[in-house]
Amino acid sequence: MPAERRIIFEHIDQPGYTPDLDCYVRHGGYAALRKAVACKPEDLVSEVKRSGLRGRGGAGFPCGVKWTLLDRRSGKPIYLIVNADESEPGTFKDRYIIHQDPHQLIEGIMITCFANTVKQAYIYIRGEFPEGAKILERAIAEARAAGLAGPNILGTGYSCEIYVHRGAGAYICGEETGLIESLEGKRPYPRIKPPYFPAVLGLYQCPTIVNNVETLCHVKHIVSMGGDAFARIGTPNNTGTRIFCVSGQVQRPGTYEFEVGKITMGQLLYEVCGGPLPGRKFKAVIPGGSSAKVLRFGEHYKGKRRAGAEMVDYDWALEDVPLDFDSLALVGSMGGSGGVIVMDDSASMVEALGNLNAFYAHESCGQCTPCREGSLWMKRITARMVSGEGRAEDGELLKSVADQIAGRTICAFGEACAWPTQSFVQKFAAEFRGYPEARKSAGPSAAPLV
Amino acid sequence: MNLKPETLQRIDVAVAHYPVKRSAALPLLHLVQEDIGHLPGEAVEWIASRLGLEPIHVYELVTFYPMFRQEPGGRRRIKVCRTLSCALAGAYQTLAEFEKQFNARQGGTSPDGEVTIEFVECLASCGTAPVVMVDDELHEKVDCEKARQIAAKIKAQARRES
Ligand SMILES: Cc1cc2nc3c(=O)[nH]c(=O)nc-3n(C[C@H](O)[C@H](O)[C@H](O)COP(=O)(O)O)c2cc1C
Ligand code: SF4
Ligand code: FES
């Protein structure tokens, strides 16, 4: 079994480690920022590009590339927004960074700001993290007092402020353009891309970087160890470590940090997390937050894939799939936010999907008809099945609704709400067909999921 | 509007954080709601005028964002996460236990006005499911037994305060 490689989570849950500046500095904190401010900003951007770091918020977009897309010719101020919305179901890593090691994030933010000549950063934190917001505010004040943030950072003449901005319970604020609207004091209606790419027309129509909390923490370590050293961790095109958030029906749920692609789904769930609960068997797993397509135990995946410069054959059972962006895309799902949700043979797939459909119907912002109406219909159909009024053909009906959403909406929420339905119905077709009859004879579940 | 002096002071600080005043709308809604417990029409209008907006620009926020409320509700709020990881760990039973303890239904307030019980979506603590927030405080692995303990504590506190 591969060993955990704790870089971001090095001090998380470590006895005696506290979130204050003194403790952070005692553990080598802010050395990377000192190193960074002695460099040329463009060299820092190249270093992050060389590291191969891909965004940890969901889409896996290369971080350094994102930074080079900034419109620097406009002459407008450049903003950084830290996406601390952490609202993708199954994801719970940013919470621990914020609560236990806020200065790691602040150091990553300040390096990123310096590298991109940003003068103002906002941390958009979900409203349900009131304690996290206070901890961050305290940490920013400490950093400011020590000349590590705010005016004249480390005596260089460079200045940059960080403010914490609290959301108020809407999932769509995690989508970067919805987030920007929200930060402008409006409803978080996602914007149409093009033209509203944040790097060009972001906050207040200025060039804006939006990065996830974990991504920005990696930036600190890239500066510490160098981009090439970082690129040697993990696997080609899937560099560094990543935090897997395991939840659901498994012996030891929790957060685990591994080199990307150096651990398989089987190793993570059986060896690291101790396997299924007593007397149960694994049935399905969602590998990258609730929006990622579900994978079924017993599935096999075959084909050719790129390994460095060459193409190689792969023939994987679900347990063999390496946990990295590219492999999870090959098997038809995604690495997404790193949220791994496990279901065992006691779980009804119809009820599990009903649970997720209720989430998406609640969270659609309502701008696009296919998303607003489609998410509602999918919720209604699964709710009808669970209440005992289902029909054998409801699976096909669900699929036909889902198929009309993806690709026809303003933002990727359209895909996010269609993928669970499409994958559950396809991979558990017999269970969906048989559910209405089974539900009639068995009655309502004693442990409902919806 | 009768806001506490420290709320007014925090409002001034919040407004100064943004080059465009409208951005302070969410922070102000949070501050006012924390101060007076909910957001009546008067509060919405006050915030609008403080930021140079029309009331509709603030109403559309109050009616969209789930954490804002126009009605007072109970003195304390119990929020039970209902999303998949918590549901798989028994969140629906946890909710039912709170409903029984306080004689209230999901979305409603107990007859004594003490608590409002509601379902919320994923609270980003899925590894310690099921999770519950009582006001600003997170409780982890809240099975029915733990729900009863939390309920007993809330009731004891309510008795002390009355
Ligand atoms: C519906 C939806 C919800 C999202 N929620 C989050 C979130 O909670 N946190 C996050 O970091 N990214 C979220 N994202 C991804 C962001 O839009 C954006 O890609 C990300 O913050 C970029 O940062 P990264 O490049 O560092 O990953 C979401 C995307 C969509 C479409
Ligand atoms: S896809 Fe859905 S969430 Fe995204 S903008 Fe359209 S309605 Fe809103
Ligand atoms: S599903 Fe309940 S905290 Fe994530």
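This is a predicted model: local features need pLDDT of at least 70, side-chain atom pairs count only at pLDDT 80 or more; totals for chains, interfaces and linings use all residues.
1. Across the interface of chain A and chain B, 17 residue pairs are in polar contact, with both partners at pLDDT 80 or more. On the chain A side, the elements giving two or more residues include β2 (120–125), β3 (161–166), α8 (176–183) and α13 (349–363). Of these, α13(A) gives the largest share, seven residues.

2. What kinds of residue does chain A bring to the side that touches chain B? Sorted by class, you get 35 nonpolar, 13 polar and 10 charged residues.

3. Now the salt bridges: the rule finds one across this interface. A:R166 pairs up with B:E34, and their closest N and O atoms sit 3.3 Å apart.

4. How many residues does each chain put into the contact? Chain A puts in 58 residues and chain B 38 residues. Together the chains bury about 3800 Å², with 61% of that on carbon and sulfur atoms. Keep an eye on A:R166 here too: along with A:A168 and A:R187, A:R166 supplies 16% of the area that chain A buries against chain B, more than any other three residues.

5. Last stop, ligand 1. There are 17 residues around ligand 1, and the closest are A:G57, A:K66, A:N211, A:N212 and A:T215. For A:K66, a side-chain N or O atom lies 2.8 Å from an oxygen of the ligand. The side chain of A:N83 has an N or O atom 2.9 Å from a ligand oxygen, while A:S87 uses a polar backbone atom, at 3.1 Å from an oxygen of ligand 1.

Key
Residues are numbered from 1 along each chain as its sequence is written. Chains are lettered from A and ligands numbered from 1 in the order in which they are written. Side-chain values use heavy atoms; hydrogens and water are left out. Contact means heavy atoms within 4.5 Å. Buried area is the accessible area (1.4 Å probe) that two parts lose on being put together, summed over both. A salt bridge is a side-chain nitrogen of Lys or Arg within 4 Å of a carboxyl oxygen of Asp or Glu. A polar contact is a pair of N or O atoms within 3.5 Å; within protein, one must be able to donate a hydrogen and the other to accept it, and residues adjacent in sequence count only if both atoms are side-chain atoms. Helices (H or I, at least four residues) and strands (E, at least two) are DSSP runs, numbered from the N terminus. Ala, Val, Leu, Ile, Met, Phe, Trp, Tyr, Cys and Pro count as nonpolar, Asp, Glu, Lys and Arg as charged, and the others, Gly among them, as polar. A residue is near a molecule or strand if one of its heavy atoms lies within 4 Å of it.
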